[in-house]
Amino acid sequence: MKRPILFFWFILFFLYSCQSKKGDSSFLPLTELQPLTLGMMPTLDGLPFHIAKTQGIYDSLGLDLTILSFNSANDRDAAFQTRKIDGMITDYPSAVALQAIHHTDLGFILKNDGYFCFIVSKESNINQLEQLKEKNIAVSRNTVIEYATDQLLSKAGIKHTEINMPEIGQLPLRLQMLQYNQIDASFLPDPAASIAMNSKHRSLVSTQELGIDFTATAFSRKALNEKREEIELLITGYNLGVDYIKMHPQKEWEQVLIEIGVPENLTGLVALPGYQKAKRPSAEAIDKAIHWLKENHRIPQTYSEKNLIDTTFIPTVSTIIQYQP
């Protein structure tokens, strides 16, 4: 089984090398690379990174990538602040709050593909948004979970004073509390959302249906300055991971889903996002997050966007070619 895979990557890298020579730039790194550490929640928006690492793509690129999983945005952000990780998959409200409140300098390099489902407990008897009044809706403060919940309540014409919003930052705990009917509803990402729905809890709406674009990969300015070549290879591997997902049947890489947290019996049922090659994050979505945070008095009114999107990385890999078997 390993020989066809190695042959596949040999051909693919040969094509990359040919493309590199045309542009007078070397595809393979000429200098010794530094290790890179990326933090993320146990969600599917980071799947291309996991695929690239598991399938040996990053090893072939010469990049020593470590992926660390965090169960809450607070834990992830704390690791980022203390430089235990170079970068992270984060949401726009979290990143803006981190920069504005804690003066943590960071930059977004690429947009990730993902979604959250608004899951209601099967015991809650909630069938439509108007029935959310006087219910317990768990949120994670200053994150897309709270942001999306706020958008949902506005859509339903419900005031914050008409519901209870306990803060439950730990994703596994939110899922567990929903399973045991200790909360009525919450936004959950996959695989947590699929686990809940497999237990007969229901999804009323998703962030996709609400038109919320929210996730991106960010790095500290220190890493952006000192590990540029490594980050470029990270993006290259991401694109190759997207190719791999599209060109190989899920059965060949379902073990990666299991390692992320998808139960084996649900690997064929999880609705994967439509993964795309690396794109710049949305400036409009970031502006909306900033407006929401200011409106809710979470960040200073004087805060202004400080080059949150790093535009220097995506163009360097935008001409990447795609191997067709």
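Strand S5 and strand S7 (residues 185-189) pair in the antiparallel sense over five bridges. Two strands pair if DSSP finds at least two bridges between them. The model is predicted: local features need pLDDT of at least 70, side-chain atom pairs count only at pLDDT 80 or more, and totals for chains, interfaces and linings use all residues. Residues are numbered from 1 along each chain as its sequence is written, and side-chain values use heavy atoms, without hydrogens and water.

**Exercise 1.** Find what stands opposite Ile-119 and Val-120.

*Solution.* Start with S7: Ser-186 stands opposite Ile-119. Turn to strand S8 (residues 202-206), which pairs with S5 in the antiparallel sense over four bridges. There, Arg-202 stands opposite Val-120.

**Exercise 2.** Decide whether the faces of S5 are covered or open.

*Solution.* Take one side: Phe-116, Phe-118 and Val-120 are buried (under 20% relative accessible area, 1.4 Å probe, protein chains only). Take the other: Cys-117 and Ile-119 are buried too. Both faces are covered. Five of the five residues of S5 (residues 116-120) are buried, so the strand is largely enclosed by the rest of the structure.

**Exercise 3.** Describe how helix H5 (residues 92-102) packs on helix H12 (residues 283-295).

*Solution.* Read the geometry: the angle is about 60°, and the axes are 9 Å apart. List the contacts (heavy atoms within 4.5 Å): Tyr-92, Pro-93, Val-96 and Ala-97 in H5 meet residues of H12 including Trp-292 and Leu-293. Sort the contact residues: 10 are nonpolar, none polar and none charged.

Note on methods
Axes are lines fitted to C-alpha atoms, for helices over the stretch in contact, and angles run from 0 to 180 degrees between N-to-C directions. Helices (H or I, at least four residues) and strands (E, at least two) are DSSP runs, numbered from the N terminus. Ala, Val, Leu, Ile, Met, Phe, Trp, Tyr, Cys and Pro count as nonpolar, Asp, Glu, Lys and Arg as charged, and the others, Gly among them, as polar. Buried means under 20% relative accessible area, exposed over 50%, partly exposed in between (1.4 Å probe, protein chains only).
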